[in-house]
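Here are some friendly notes on the aromatic side chains, for you to read alongside the model. Please keep the viewer open as you go.

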Amino acid sequence: MTEPTHRYDVVVVGGGVAGLSAAVAAAEGGARVAVLERSTEAETGGNTRHTEAFLRMKSLDEVADGFEDALVDDFMGHPDPSIVNDAALPARRQSPLYRATHTVDPDYVATLAEQAPPTLRWMSGHGVRFDFMPTPFLTQSTTRMAPVGGGLAIVETMGKAARDLGVEFHFETTARRLTFSGDGIDGVFAHTPSGPAVFAGAVVLASGGYQGNFELMARYHGERALTCRPVAKGGNYNKGEGLEMALALGAATAGNFALFHAEPVDPRSGEPEAAVFCFPYGVLVNREGRRFADEARGTVDAWYERTTRAIQGQTEGIAWVILDQRGLAVPNLMAGVRTDIPPVSADTIGELARRLELPVAELEATIAAYNAACPPSDGVDHTPAFDHTRPDGLATGGLVPPKSNWARPIADGPFAAYPIMAANVFSFGGLKTTSAAEVVDRDGRPMPGLYAAGELTGLYYSNYTGSTSVLRGATFGRIAGANAAARRAGAR
């Protein structure tokens, strides 16, 4: 029995920010467009639906200072200079090895920086409103904007724009494999509520990473897969088919498959992004009742991911932040605590240890040693004064590991503790694409008819450059949709 074929000009796989941007752009280019979405209509949008969608922007017309450098300077290991030096050559002279290498493409980053502002203006024209919204970070290293209403506003507003342009949505429909002919990729085979079907057209893959697929998580992240979970319900829909489909046809990869964007969340909570960012003003202890990391190396927005990875490296991938009454009184502290579950509280450290099921003597010794290493915090004796608004240099002395800022004794009870685990916001490894959002094969050639955007594509290596994920999803989704529509128009 032959599966029914639904013919379109462009088939977009995924209904988050990248997929919706691609669908709208393709429809504006005159294409007949389908969006395939695994979820029900009520839960469409993947990760985008649940994120606050912060954007690394100085204004709608300018990316934040240091935007390109932060992405290009991410540590990518020690690539062969005889290959990556081709980045300085014109595209026609770059070797196939360079075009397919896993390292970041400076042209891709330059295109993101150049096209992000007009993309946001384009989204504004479709009704998405942007502003400087409150963040959960008490200390920040960059400027941020966000859509009013968060990612849900993007899903609803750009979804309406797509429907108004005639885009057809197919919910509870999962793309399984790519179809191809002598002219390149020409559609996808999918499972629909009515059974298998083929959706013919140029393809834009925008189906997110693989954080919702425990097998792929274990394959790429080993034992760490057990001690993390998607940061929000939408991430559970990201099973990795987009990655697997493209790899099956020889696609190249970019980004670091050994890491994912880690966010510190309360494991007790089922709320999306139940983040706990207050640890710079307390101490972190593991299941053994010991400190294991510098809680306050710098601004929390720049350092929380690395701290979260240290938490994941502890027994059972869990730690607790302990705060005293002075820590809890830090102005606006609770803006950085997004869990809906109250902390565990006790009048003494020993009682807190018992309630947390931590070794009492070890935790009491840990807090005593930390307290003894804290300097005066009132600015006397040439020590810095405590200042919660910026890295203040108020550091411990002779303590391993040290605490570099905001080091005040944990002494004023009652005491409070929040558990923290690593949540997987998205995977770093993904498909290699050009600055035109074309998927590249392992010989460095664009795969005709196949485009990709968003978290499915690789960009990050050792640390996430904060507030760039939604931005690149929108920017390259728009580019992918426009180019896919132009390709199909040229083929007609």
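1. Are Phe426 and Tyr460 buried or exposed? Both are buried (under 20% relative accessible area, with exposed over 50% and partly exposed in between, using a 1.4 Å probe and protein chains only).

2. A word on conventions: this is a predicted model, where local features need pLDDT of at least 70, side-chain atom pairs count only at pLDDT 80 or more, and totals for chains, interfaces and linings use all residues. Residues are numbered from 1 along each chain as its sequence is written, and side-chain values use heavy atoms, leaving out hydrogens and water.

3. Searching the whole structure gives 13 aromatic pairs. Rings of Phe, Tyr and Trp (its six-membered ring) pair if their centres lie within 6.5 Å; planes under 30 degrees apart count as stacked, over 60 as edge-to-face and the rest as tilted. One of the pairs is Phe277 with Tyr304, edge-to-face at 4.9 Å between centres and 70° between planes. Phe277 and Tyr304 are both buried.

4. Back to Phe426 and Tyr460: their ring centres are 5.7 Å apart and the planes meet at 45°, so this pair is tilted. Ring pairs also join Phe426, Phe428, Tyr460 and Tyr464 into a cluster.

5. Finally, two charges over rings (NZ of Lys or CZ of Arg within 6 Å of the ring centre and within 35 degrees of the ring normal). The charged end of Arg163 sits over the ring of Phe169, 4.1 Å from its centre. For Arg177, the charged end sits over the ring of Phe189, 4.0 Å from its centre.
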